[in-house]
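This report describes a protein chain part by part. Please look through the sequence and the structure before reading on.

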Amino acid sequence: MRIVSSTFQQDSEFLLQDEKFTVVKGSNTVLPFQIRRMGLYMVVTVKLGVVVMWDQKTSVFVKLSPKYQGKVCGLCGNNDGNSKNDFTTRSHETVTDVLTFGNSWKVSSSCPDAELVTNPCSKNRYRAAWSMKQCSVITSATFQTCHLKVDPGPYFDSCVRDSCACDSGGDCECLCTAVASYAKACNEAGACIKWRTPKLCPIFCDYYNNDGNCEWHYKPCGVDCMKTCRNPSGNCSTLISPVEGTVE
């Protein structure tokens, strides 16, 4: 079971579990929302200008309305367009140490401080070679048209680290979500990459087609907002870019 919990404006908290949205603290009046599936993602649009996108695995994306630029704080930074000051503590001090930064945002003082995590590839050396080989698709010719638009380096490093850490089941899930994260960034930068193959993180949309019909199709970069049963108006937040998935 996977769960995403989010606190908004201190006095409102919601829980996203499977395909269910629950307001834990506050009310639906304070947090009016729309929840639906778009491609591979569950998307919650909060009318206050916040969009949460979750692949129901290990990737969560938060999109904010421009009105929040430079007006937020926390573990995701302050959204002012300057990544150099994202490590700003609760006491408004800009630091370079990730633990000092992270521990300053603990919800409760009774929580123990986080400790430095050992590089999982050093801890699980037998996974390192496999992870580097699989994640190399990010730096390969497959993504060549994106490399000048989005630096593949940080995504490759994250992919290797995450894939090394998943050594007790779910290893392909960690790999696939890491590569998909780079593909999503490429798509948003204007480079549509069809990277999945029958051997690498496949999505078999045709499985759902009836004999003689071809109704379901995989779209690597998604389609524009469409009318669906969950979105009969066909209106989508401007914060949401097309995402990959299966469409009818």
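Ring pairs join Phe 143, Tyr 155 and Tyr 182 into a cluster. The model shown here is predicted, and it holds 3 aromatic pairs.

**The ring cluster**

A pair of aromatic rings is described by the distance of the centres and the angle of the planes.

| Ring pair | Distance of centres | Angle of planes | Kind |
|---|---|---|---|
| Phe 143 and Tyr 182 | 5.1 Å | 50 degrees | tilted |
| Tyr 155 and Tyr 182 | 5.0 Å | 50 degrees | tilted |

Why are these pairs called tilted? Planes under 30 degrees apart count as stacked and those over 60 as edge-to-face, with the rest counted as tilted. The planes of Phe 143 and Tyr 182 stand at 50 degrees, so this pair is tilted. The planes of Tyr 155 and Tyr 182 also stand at 50 degrees, so that pair is tilted as well.

Where do the partners lie along the chain? Phe 143 is in the loop between α3 (125-135) and α4 (144-147), whereas Tyr 182 belongs to helix α6; the two are 39 residues apart, and their pair links distant parts of the chain. Tyr 155 lies in helix α5 and Tyr 182 in helix α6, so this second pair ties together parts that are 27 residues apart in sequence.

Phe 143 has a relative accessibility of 0%, so Phe 143 counts as buried. Tyr 182, at 0% relative accessibility, counts as buried too. Tyr 155 has a relative accessible area of 26% and is therefore partly exposed.

Phe 143 can also be placed relative to another residue of the chain. Phe 143 and Ala 183 are 40 residues apart along the chain, and their C-alpha atoms are separated by 8.2 Å.

**Helix α5**

Helix α5 covers residues 152-165, which is 14 residues. From its first C-alpha to its last it reaches 20 Å, close to the 20 Å expected at 1.5 Å a residue. The buried residues of α5 are Pro 152, Phe 156, Cys 159, Val 160, Ser 163 and Cys 164. Seen down the axis of α5, these buried residues fall within an arc of 125 degrees, so they line one face of the helix. At the start of α5, a side-chain oxygen of Asp 151 comes to within 3.0 Å of the backbone nitrogen of Gly 153.

**Helix α3**

In α3, the buried residues include Arg 127, Ala 128, Ser 131 and Cys 135. Viewed down the axis of α3, its buried residues fall within an arc of 110 degrees, so they too line one face of their helix. Tyr 126, Ala 129 and Lys 133 are exposed on the other side of α3.

**Charges over rings**

Arg 127 also takes part in another arrangement: it lies over the face of Trp 130, at 4.5 Å from the ring centre. Lys 184 lies over the face of Phe 61, at 4.3 Å from the ring centre.

**Two residues with positive phi**

His 92 has a phi near 70 degrees, a positive value in a residue other than glycine. His 92 is found in the loop between β7 (60-64) and α1 (98-104). Is His 92 buried or exposed? Its relative accessible area is 70%, so His 92 is exposed.

Cys 201 is not a glycine either, and its phi is positive, near 50 degrees. Cys 201 lies in the loop between α6 (171-188) and β8 (217-219). With a relative accessibility of 7%, Cys 201 counts as buried.

**A residue in strand β5**

Tyr 41 lies in strand β5 (residues 41-46). Tyr 41 has a relative accessible area of 5%, so it is buried. Tyr 41 and Lys 57 are 16 residues apart in sequence and 9.5 Å apart in space, C-alpha to C-alpha.

**Confidence in the model**

The mean pLDDT of the protein chain is 79, and 72% of its residues reach 70 or more. Where in the chain is confidence lowest, and where is it highest? It is lowest in strand β1 (residues 3-8), at a mean of 55, and highest in α4, at 97. Where pLDDT is low, the predicted coordinates should not be read in detail.

Notes. Residues numbered from 1 in each chain as written. Predicted model: local features only at pLDDT ≥ 70, side-chain atom pairs only at ≥ 80, totals over all residues. Heavy atoms only, no water. Helix = DSSP H or I, 4+ residues; strand = E, 2+ residues; numbered from the N terminus. Buried < 20%, exposed > 50% of the residue type's maximum accessible area, 1.4 Å probe, protein only. Expected span 1.5 Å × (residues − 1). Arc of directions from axis to C-beta. Polar contact = N/O pair within 3.5 Å; in protein donor to acceptor, adjacent residues only side chain to side chain. Phe/Tyr/Trp six-rings, centres within 6.5 Å; stacked < 30°, edge-to-face > 60°. Lys NZ or Arg CZ within 6 Å of the ring centre and 35° of its normal. pLDDT = per-residue confidence, 0-100.
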